[in-house]
Amino acid sequence: MTNAKLHILGLKKEKRTAWLFILPTLILITCVYAYPIITTLVYSVTTIDISTYTIKEFAGLRNFQYIVSNEFFNRTLVRTIYFGLMVVVVTILLAIGVSLLINIDFKGNKILKILILLPWAVPPVVSGVMWSQMFQYEYGFINKIIKIFGGEGDTIWLGSPTLALHVLIITEIWRWLPFATLFIFAALQTIPHSVIEAAALDGAGYIKTVKEVILPIIFPGVIPVAIFLFVSAMKAFDTIFVLTAGGPRSGTTTLNYLVYLQGFQQFKFGRAAATAYILTFIILVVIFVVFTLNRLTSKRRLIND
Amino acid sequence: MAGDVGGNAVPRKDISRRKALGFGAAAGGLLATGGLASLLASCSGGKKNEIAAPGTNFTGQLSLLLGSHMTAVKGLAQKYNTKHGVLPTVEEITTPDLRSKITTSFLAKTSPWDAVFTTSTIAQEMGQNKWALPADGFLNQSPRKNETFLENAMAPVNYRGNYYGTPWSVGAPLLHWNKKMFEEVGLDPEAPANWHSTKNSWDTFLEYAKELTGTRNGVKNYGFTDAWAADHKLYTFGSLLQMHGGKFLDEEGEPIFDSDAGEESIIKMYDLLNTYKVVDPAVDTYTWVFDASPGYMSGNRGMFFTWPFIAGVAQDPKTSKVVGVSGVAPQPAVDTSASVDGSEYLFVPTLASNPDEGWRFLDLMSSKESQTAIAETGWASIYGDINTDPAILKKFPYYQAIADSYKYPVDGGFSPDRAVWGKILGNEISEALAGKKSAKEALINAKKLMNEERKS
């Protein structure tokens, strides 16, 4: 047998083994989620009688039509995407910065690494309460700090829809920063020292090394983090529930929260199911776009290399 | 080399860690649907247990869902154990989270509780969906007699002629004021006591609020505070609406709040907040009483429209700086004084596993002895004679203000869909208070959205 054939056979075996490892998870996910996904699809095209919890009538695409033609939904959609993108972009930028910092050898580095992970251990409801107290306009920590630095310190952070939305973004960034940092730091650890040394020998300073060497190397590792963050932001619920309950003036209602409002405040389960499907569709589209962009940039990088 | 590090240089079709993560992310996307779907799916199936009237099938088990503020009722659990040899398990819930909690459970056709706390806002919804057992027979037993209760306090639980709740305490928002602050700015500290019986005293209320607002000794003081977030503002809007002679709904349950009275009510709220800036500016972020009360208790809010029990809480030196200086009276008047009933109730769920234990607990709770104990903790009893007992009245003089407040309209537009349209109306009033819509536009839009919601 030629070496090439042996290599192909080896690859096939490796692939088979990989599938075997993944199969139990795939079966579990299919069993656990297939039923509710199908049920939700059925609900999205029906009207439910809540007193008996039975299907009242077949609604066709009426729920979807109602949602997409609704001005409130459109505003919520734009807000949700903005919320998601802000969480992804700012978290990743901060995570890169923090990863670069803890990648430097200095005294206290290990303690810093542990401290960075702490927000991850805090339950979202607890962090929601904590942030709501920090942003309280009269006795809150944030306004006190602003006062110390000479500001008015009387901003009602949760009183305006725009400000409240950004408070939520900050809270979500704080929540997910440890996760993103951990991933990006892991990617940084895979860069051989020789690469950094070679860049230094070529006369590149720290900033140039980061920009021209480190960031391109870790970029492929950032993609799954970005997707994970985007999906998490789209699914954000507990923080919104505790901090703003979707207000003021619905200014912090995201699509996922809207699903809750429709389902468990208005009991329009058909409508809630349809909104959930639209949200899932949006998430899948974004994942597809990110993967496609990544593939295109990877190809271009290969050609350049 | 770069590709080697990132695992991206050689496009391979095998399963990389990155692809696996990508798949995980995609699966996460599906969870957005799956999460809801799991909840929805759990709503099908389950047991059914319809019991129409209290009986004697005592199972020795009792589970209660009580409001986190209902310490007085919680205290009856031990008494129940002593009397009946059954120690109830008690779960607590905050009022804003109550509806989500119980409806989710009832939709799943389960009730882990045998007696459940309910508010005037959602009581009829429980009746309409047949989630609560009618209490008519129970209420007509001694010492409970329908006629012994305040008629207005029973209206919220009356759905199509049946009562779906037994009150544990009655009350509607009252005017609380800080007499010390009044004196500091040279105002008569006893004046608000008679505003409820003085036509157009709202104007005096406003003038007082203006005087009370300002920075003194480096501390910002506001004339008035309240909880105006989401639909909580409907207590003040509803009070103003009725002070102007308006109503939320007509006899058929159709919305009529888009009246001149409604418009004038929003304008009055807008003026307090924006024109004269006499209200705590964060009022729109306060979801319920406990968000707004720290401001009043800190001693720099002059007046506060809120629940009667705050008068008792304000006397606790551990949490309050207004001990001994907090006055209480029914709210001021325009054409008349008015408020919105906020009495609280317990009901036995249709799906309760131990309904007779639930009824027996309600029997204990509504006994004269227990009601006296409840009144001793600062929560007005459901029986007038207990509230007006000289010994109790001496300790809790504001019970008189509660009784007086029920002489005026206290309707809250109670209907089975009150929680749904309440949110719509609350949101539209917020738009008007933020200056995004005129009062009229907000009310017309609220009515339009409410009707659409009812038709859909």
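**Exercise 1.** Determine how many bridges join strand 6 of chain B to strand 12 of chain B, and in which direction the two run.

*Solution.* Step 1: strands are DSSP runs of E with at least two residues, and helices are runs of H or I with at least four, both numbered from the N terminus. Step 2: two strands pair if DSSP finds at least two bridges between them. Step 3: strand 6 and strand 12 (residues 344–347) of chain B are joined by three bridges and run antiparallel. Step 4: within this pair, T166(B) lies opposite L346(B) of strand 12.

The model is a predicted one, in which local features require pLDDT of at least 70 and side-chain atom pairs pLDDT 80 or more, while totals for chains, interfaces and linings use all residues. Residues are numbered from 1 along each chain as its sequence is written, and chains are lettered from A and ligands numbered from 1 in the order in which they are written.

**Exercise 2.** State which strands of the chain B sheet stand at the edges.

*Solution.* Step 1: the open sheet of chain B has five strands in the order 2-1-3-12-6, with mixed pairing. Step 2: strand 2 (89–93) and strand 6 (166–169) of chain B each have a single partner strand, so one side of each lacks a neighbour in the sheet.

**Exercise 3.** Describe the elements and burial of chain A.

*Solution.* Step 1: chain A contains twelve helices and two strands. Step 3: 36% of the 305 residues of chain A count as buried (20 or more other C-beta atoms, placed from the backbone, within 10 Å of the residue's own).

Definitions and conventions:
A residue is buried if 20 or more other C-beta atoms lie within 10 Å of its own, exposed if 12 or fewer, and partly exposed in between; C-beta atoms are placed from the backbone.
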